[in-house]
Amino acid sequence: METKRLLLRKLSKSDAYDVYQNIFYDEKVLETFLGRYAATFDDFDFDGLLTFFEKKSFSYGIELKENHECIGIIFENQRHEDNIEIGYALSSKYWNLGYMSEALKAVLYELMERNEGNVFSAAAFKENIGSWRVMEKCGMKYSYTVKNEIEWKGKSHDVVYYEMKKEISNV
């Protein structure tokens, strides 16, 4: 899948270091993304990530066209009947530049084109306002909040859910 500035594609072994450096070694990302910190590249279980992704109907590395760096991931986090929950993470070096919104819009469009799912959702810690903005820019609307849903890094977090319903024609 291609956007103006990004390629969304299957991860390959050659992406291992970029994914490690940009997500699993980036402590800012791991404040709100539920991934295990890897202090060294040898501590990073890239094969485990690929195995996790193989079980999903979609998972993409987010490649920046200008330098071919894999700067993030976007994937099917969970599926409940017709509801597809999307998960994502982006290197903190690339926050607030519109890359994640661009990637999420492309994935939502693709899922609708493939006629996959009728409700698309995503979630973020209540304090992760940047992620809320990504979802809102993509047309998702606030749905609900679950108080103290996740214990992460020694703290209990409220989780905010957003969703978008596929437009179903009456014709």
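A definition before anything else: the radius of gyration here is taken over C-alpha atoms, and the globule rule is 2.2 Å times the number of residues to the power 0.38. This is a predicted model. The chain has 171 residues, and for that length a compact globule would have a radius of gyration near 16 Å. The chain has 16 Å, so the value agrees with the rule. Along its principal axes, the C-alpha trace spans about 55 × 35 × 30 Å. As for burial, 47% of the 171 residues are buried.

Next, the fold. The secondary structure comes to four helices and seven strands. In sequence order, the pattern reads β-α-α-β-β-β-α-β-α-β-β. If you take contacts between residues at least 6 apart in sequence, 61% of them join residues at least 24 apart.

Now the helix pair. Two packed helices are described by the angle between their axes and the distance between the axes. The pair I picked is H3, residues 99-113, and H4, residues 129-137. Their axes come within 9 Å and cross at roughly 45°. H3 and H4 are therefore oblique to each other, and their crossing is right-handed.

Which residues of H3 and H4 make the contact? From H3 there are Met100, Ser101, Leu104 and Lys105. H4 contributes Val134, Met135 and Lys137. By type, the residues of this contact divide into four nonpolar, one polar and two charged.

That's what I have for today.

Methods:
Residues numbered from 1 in each chain as written. Predicted model: local features only at pLDDT ≥ 70, side-chain atom pairs only at ≥ 80, totals over all residues. Heavy atoms only, no water. Axes fitted to C-alpha atoms, helices over the stretch in contact; angles between N-to-C directions. Helix = DSSP H or I, 4+ residues; strand = E, 2+ residues; numbered from the N terminus. Parallel < 35°, antiparallel > 145°, perpendicular 65-115°, else oblique. Left-handed = near helix turned anticlockwise from the far one by under 90°. Contact = heavy atoms within 4.5 Å. Nonpolar A, V, L, I, M, F, W, Y, C, P; charged D, E, K, R; others polar. Buried < 20%, exposed > 50% of the residue type's maximum accessible area, 1.4 Å probe, protein only.
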